[in-house]
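Student: Could you walk me through this model? I have the sequence and the coordinates open.

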Amino acid sequence: MQDYAAERVRSLLARFVFELNRAAKGGRDPEKIHALRVSVRRLGQALRAFHQFFPQKQVKRIRKRLRSLMRCAAAVRDRDIALALLERAGAGKGVAAEELRRERKLAERGLERELRGWMANNFSSKWRSALHLL
């Protein structure tokens, strides 16, 4: 079971890194942000499910860092969803939609800052080492 847990987390970490790079290159695309959130959620769930196979302190630290990224991505994604709902309701040009677009731009800037921080840090190899996935 430990081998399976390690392989699963290794695979999900690789997917997360891929999605993080995609989002960093084109953060305005709602689908890329959604895919990033899915990869964060899946990696976090795997770490929680298989926590007994990894160093507890490291798992806690990694999950905390993932939650921070998830909050930034959620701020953008939530506004994308709200804007899509307004468009479907025929209110895509109203005051509420304009306010959501403004909020989304602010949230997007926050996500871009967060992504730059992730890209500047060699977290992937550090995490593989910390979780003994090498």
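Student: What kind of model is it, and how are residues numbered?

Tutor: This is a predicted model, and residues are numbered from 1 along each chain as its sequence is written. Local features need pLDDT of at least 70, side-chain atom pairs count only at pLDDT 80 or more, totals for chains, interfaces and linings use all residues, and side-chain values use heavy atoms, with hydrogens and water left out.

Student: Okay, helices. At what angle do α1 and α2 pack?

Tutor: About 155 degrees, with the axes 9 Å apart. Helix α1 covers residues 2-25 and helix α2 covers residues 30-49. That makes α1 roughly antiparallel to α2. On terms: helices are DSSP runs of H or I, at least four residues, numbered from the N terminus. Axes are lines fitted to C-alpha atoms over the stretch in contact, and angles run from 0 to 180 degrees between N-to-C directions. Under 35 degrees counts as roughly parallel, over 145 as roughly antiparallel, 65 to 115 as roughly perpendicular, and the rest as oblique.

Student: Which residues of α1 and α2 make the contact?

Tutor: From α1, the list includes Val9, Leu12, Leu13, Phe16 and Glu19. From α2, it includes Ala35, Leu36, Val40, Leu43 and Leu47. Contact here means heavy atoms within 4.5 Å.

Student: How many of those are nonpolar, polar and charged?

Tutor: The α1 and α2 contact has 12 nonpolar, 1 polar and 5 charged residues. Ala, Val, Leu, Ile, Met, Phe, Trp, Tyr, Cys and Pro count as nonpolar; Asp, Glu, Lys and Arg as charged; the others, Gly among them, as polar.

Student: And α2 with α3, how do their axes cross?

Tutor: At roughly 150 degrees, coming within 9 Å. Helix α3 is residues 56-88. α2 and α3 are therefore roughly antiparallel to each other. Among the α2 residues in contact are Ile33, Leu36, Val40 and Leu47. On the α3 side, Val59, Ile62, Leu66 and Asp80 are among them. The α2 and α3 contact divides into 14 nonpolar, 2 polar and 6 charged residues.

Student: What about α1 against α4, what is the angle there?

Tutor: About 130 degrees, and the axes are 10 Å apart. α1 and α4 are therefore oblique to each other. Phe16, Leu20, Asn21, Ala23 and Ala24 of α1 meet Leu115, Trp118 and Met119 of α4. That contact has 7 nonpolar, 1 polar and no charged residues.

Student: Switching to charges. How many salt bridges are counted?

Tutor: The count comes to 9 salt bridges. The rule is a side-chain nitrogen of Lys or Arg within 4 Å of a carboxyl oxygen of Asp or Glu.

Student: Which residue does aspartate 80 pair with?

Tutor: Arginine 104, with the closest N and O atoms 2.3 Å apart. The pair links distant parts of the chain, aspartate 80 in α3 and arginine 104 in helix α4 (residues 95-120), 24 residues apart. Both aspartate 80 and arginine 104 are buried. Buried means under 20% relative accessible area, exposed over 50%, and partly exposed in between (1.4 Å probe, protein chains only).

Student: Is glutamate 19 buried or exposed?

Tutor: Glutamate 19 counts as buried, at 1% relative accessibility. Arginine 15 is partly exposed, at 45%.

Student: And what does arginine 10 pair with?

Tutor: Glutamate 7, with the closest N and O atoms 2.7 Å apart. Arginine 10 is partly exposed at 29%, and glutamate 7 is partly exposed at 43%.

Student: New topic. Where is serine 124?

Tutor: In helix α5, residues 123-130. Serine 124 is buried, with a relative accessible area of 11%. Leaving aside neighbours within four places in sequence, serine 124 contacts Leu13 and Val17.

Student: Last one. Where does leucine 131 sit, and what does leucine 131 touch?

Tutor: Leucine 131 is in the segment after α5. Its relative accessible area is 3%, so leucine 131 is buried. Not counting residues up to four places away in sequence, leucine 131 touches Val9, Leu47, Phe54, Pro55, Gln58, Val59 and Ile62.

Key
Helices (H or I, at least four residues) and strands (E, at least two) are DSSP runs, numbered from the N terminus.
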